[in-house]
Each structure stands twice: as structure tokens, then as C-alpha cells.
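Take a walk through this structure, one region at a time. Keep the sequence and the model side by side as you read.

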Amino acid sequence: MKSSFLIAASAIAAIMTAGAPVSAQVATGQMGALTPDQQQFFGLYKELIETNTTQSSGSCTQAAQQIADRLTAAGMAPQNVTVFTVPEHPVDGGVVAIYPGTSSTEEPMLLLGHIDVVEAKRSDWERDPFKLVEENGYYYARGAVDDKAMSAIWADTLVRFAEAGYKPKRTVKMALTCGEETDTAFNGAQYLANEKRDWIDAAFALNEGGGGRTDGKGHLMVQTIQVGEKIYQDYKLVATNPGGHSSQPVPDNAIYEMAGALERIGAYDFPAEFNDTTRAFFQKSAAMRKDETGAAMKALVNDLGDEDAMAIVNKDKALHSMLRTTCVATTIEGGHAVNALPQRVEVNVNCRIFPGHTPEEVKEQLAKLVDDPNITITLAREDKPLAKSPPLDPALIGPMETLAAKYFPGVPVLPSMSTGATDGLYMSAVGIPTYGVPSVWGDPDGNGVHGLNERVEVKALYTARDYLYDLVKTLAG
């Protein structure tokens, strides 16, 4: 459905075009030999990677059971580790683990990840997508980043806790689920939020959506914390007409009507707005950029109505999207014969709605733009909850930044709002604030996530493992 890694990368690209000071770069590069505990993590990661979890031919349930077995083998009580499925989707299972804390007053925290992956055809890849291959300082495989890297790190964290007999104050819960990439089938995070809330109830959740970006030349430039995301909503536009013989055309044509409606939608810009997260992102980003766009971003923080500054910022598709609701036509189907006037045209318009607005509001605006009684507009799906942006809570953001200074010294850490969607949507909808944490870094080309030859830099993976382990320990107390 999306790649938070790519979304984070596009946001980072928007601010790093002009480059960052040399002092704010950390060299990436080759890893040394793996330590024994890194080798143990590698075994977990490799097993997860090499277990096919695509919807077409894989099994998330198998992967979930393998993780559950590792947790109990490390010493977690079996009653605290649950592999769950539903009868209608037996291979789309997930695993929930609860590592008890010692405090009766501290609320639990939740580690969220998804173990399903985007489809990958062996014939298209240079390497087998479901065999972990190391080449030139990178691990290659489907899911190497999205999201088996973070899922493996979360599971490894609980394994290390159990083996060490660690006793946190705060209970640490983990939910690794299926369906994030294809949630029109079955989404485990949505199921847990709606049907098994007590299993995952927490004061806050840590999730994918943050991450780092290199300059493509071996230097880490920035890390981000995802604080909120847009609402994903598809709309179905349908134009109908009696049709007729193509040898006798009439002005009233369903294709022409739909074409006019789409032109009006395409020409429309929803009003620009800030929330706390995007305002902070623009403020910090403007200070980092020394080009025309940086100056324009600073001007918009002071006056969102500055038309000259807006014209400059809007040239960047990531910044343009971050400032407003966006809608775009994504699929079209129409006509029934090459020698007949069209009787029906159907278009999908995909909108990413700025937090604070509803799908119904956007539907009303689309209807005004279409302005045609022969075209109907309906919500293509109505089961998606409204995204709620979490607060910029210093009790959570502070430790993330402090530890980032240790593991990514000199690298700026920026709050960002995802213009896409993650499973954090379902947690925030039931009152669990969810944050995409700094994690593995990627290159400007997106590392093949959702595409061919997905890869992660080896050093990025193990550095993220150390950072996230310390972050969980710090927040658990």
C-alpha cells in the first residue's frame, strides 16, 4: 500500500537538496565482523526475510510462529506470547508478546511492526528475493527494510530482555502483524485495535515511518521522527450515459464529461495549512537549507499567505503535499466497445487528507469541482479510521533525540508528518499515540523498497538495532 521508508526519504530529500553542513554528516560504510549477539540477531532476521510473507504465496502465520518460538526459547512465558489468526485468513496471522514490567502505575508501551511484504517475482530480480544476500556492504532481499528490519529488531529486543532477565518498570508489548501492504484483504493491526484492544493497549507505540537519509556518497545527513500522518481515502467517480452508435456522436459523452471533471480536480489546490508537526518541520528545515526554497519555507512559517514563497515551495512535490490535502486520479475504466458511444466511465481519485479534515468534507469539495449531475461520487471504502496526530511529547521526543545524538552524532533529527499511511493509523484511532522512530538509513534512490532488488546497508541495520534497543530500554525505565 505504501512505503514509509520511501515517504520518509522523499520528505528528507525535500529539505536536503541544498546539502547540509559537513559537520552534520556521519560516515556510513563497512561493518566489522559480527559479535555473537549480532550473529543471533542475524539468524532471526535471516529467517524472517527468507520466510515468504507475500499475500499471493506466502504465510505471515508461519513467520509469526517462528518469532514466537524464539521468544519462548529465550525464556518468555508461553502465556505471554500469542500467535493469532482468524478463520477467514489462516495464513495472515501475527504475533503479540507481552514482556511484564514491575510498576503498577507506569502504562505499557507498544512496539509495532508488520511482517508482510510487497510481491516480488524471481524473474524480475537479479537475486532470489527470498534469500538474504550480502554484497558490497548491503543485505539484499524483499523486506530487507520494509518492514522486516524493524520487526526483527523488536523481536530481538524482547529476546535480549528475556535472556538477560531484564526487569523494566513499564510493560513492553509487541505486535507484529500482517496486511499492512495489502490491507484490503486482512489487516492484523486493525483487527487488534478493534477486536483485541486489551492485548495491545498502551500509553504510546513505536512504529516504522521515521528513518535516515544519506547523500548517496557515504554520509548520513538526517534522521526523522514521524509524528502523524495523512488520512488515506479513495473516491469512486462514475459517469453514465445511454450511449449509442459511434457513427452518430452527440455532445453528451460520458468520456468527455469525466475528462472535464478530472481537469477541474487536477487544477485545484486545497488550502495550505500547518499543524504542530509540519510547522516544526518547516522551521528546522528552513534553518538547514541555504537556498531559495529554505528562505521560502521560513517565510511561510511566518506567513502562510505569502504567495511568492508558496509558489517556490510548491515546486517541490513533497513539500507541496505536506502542506495540504491532495487528490489525484489514479485509475480509469470506460466504454464497452470501440464502435459505440461510452455508457459508463469509472475513475478512482486517491486523496491524502490533511489531519483535522474528514473524507466527507473532501467529497463535498470534489462534488463542487466536478459540478456535473451526471457524475456520482462515492467513498470507495468506508472502514478506514481518521488519522489522529500525536503530540510532540518531550517525554518521548527528548529521548529519541538524545540517543540519536549518541548513535548519529551531529546529524539533525526532524519531526515529520507522513504524506502516506502506516498501520499506526489504527493505533491512533483507538487512542494510542504512535510515533515513527529514527531507524535504518537509506540512500536517495529509495533502496529498492517496493521495487526491485530491495536492500539495506549492513551498518545501517546494526546501528538501528543498537539505537532502538537503547530507546526501548530508556522509555521502559
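Buried means under 20% relative accessible area, exposed means over 50%, and partly exposed lies in between, with a 1.4 Å probe and protein chains only. This is a predicted model, in which local features need pLDDT of at least 70, side-chain atom pairs count only at pLDDT 80 or more, and totals for chains, interfaces and linings use all residues. Residues are numbered from 1 along each chain as its sequence is written, and side-chain values use heavy atoms, with hydrogens and water left out.

Start with A63. A63 counts as buried because its relative accessibility is 0%. Its place is helix α3, residues 60-73. Helices here are DSSP runs of H or I with at least four residues, strands are runs of E with at least two, and both are numbered from the N terminus. What does A63 touch, beyond residues up to four places away in sequence? The list is L48, T51, T53 and I115. A contact means heavy atoms within 4.5 Å. I49 is 14 residues from A63 in sequence, and their C-alpha atoms are 9.1 Å apart in space.

Now widen the view to the whole of α3. The helix has 14 residues. From first C-alpha to last, α3 reaches 20 Å, close to the 20 Å expected at 1.5 Å a residue. That expected span is 1.5 Å times one less than the number of residues. Buried residues of α3 are C60, T61, A63, A64, Q66, I67, A68 and L71. An α-helix has 3.6 residues a turn, so residues three or four places apart point the same way. What covers the buried residues of α3? The cover includes α2 (36-49), β2, β3, α4 (148-164) and β7. After α3 comes G75, with a positive phi near 120°.

Strand β2 (residues 81-86) and strand β3 (residues 89-99) run antiparallel, joined by five bridges. Two strands pair if DSSP finds at least two bridges between them. Two residues lie between β2 and β3, which form a hairpin. On the other pairing, five bridges join β3 to strand β7 (residues 172-177), again antiparallel. Follow V95 across. V95 in β3 is the bridge partner of V83. In β7, the bridge partner of V95 is L176.

G75 returns at a pocket. The second largest pocket has a volume of about 180 Å³. Of its 14 lining residues, G75, Y99, P100, Y166 and K167 are the closest to its centre. The lining has eight nonpolar, five polar and one charged residues. Here Ala, Val, Leu, Ile, Met, Phe, Trp, Tyr, Cys and Pro count as nonpolar, Asp, Glu, Lys and Arg as charged, and the others, Gly among them, as polar.

On a 1 Å grid over the protein atoms alone, a cavity is a set of points where a 1.4 Å probe fits but cannot get out, while a pocket is an open set with protein on both sides within 12 Å along at least five of seven lines; lining residues have an atom within 4 Å of a point. Grid points are joined across faces, edges and corners, and a volume is the space filled by probe spheres set on the points. How many cavities of 30 Å³ or more does the structure hold? There are six. The second largest cavity holds about 80 Å³ of space. Among its 15 lining residues, the closest to its centre are Q226, G228, E229, G424 and T434. At least two lining residues each come from β10 (219-229), α14 (424-429) and β18 (434-436). By class, this lining has four nonpolar, eight polar and three charged residues.

Some backbone details remain. The peptide bond from D146 to D147 is cis, with omega near -5°. D147 sits in the loop between β6 (138-140) and α4. D371 is not a glycine, yet its phi is positive, about 50°. Its loop runs between α12 (359-370) and β16 (375-379). D371 is exposed, with a relative accessible area of 63%. N447, also not a glycine, has a positive phi of about 60°. N447 lies in the loop between β19 (441-442) and β20 (455-457). Is N447 buried or exposed? N447 counts as buried, at 1% relative accessibility.
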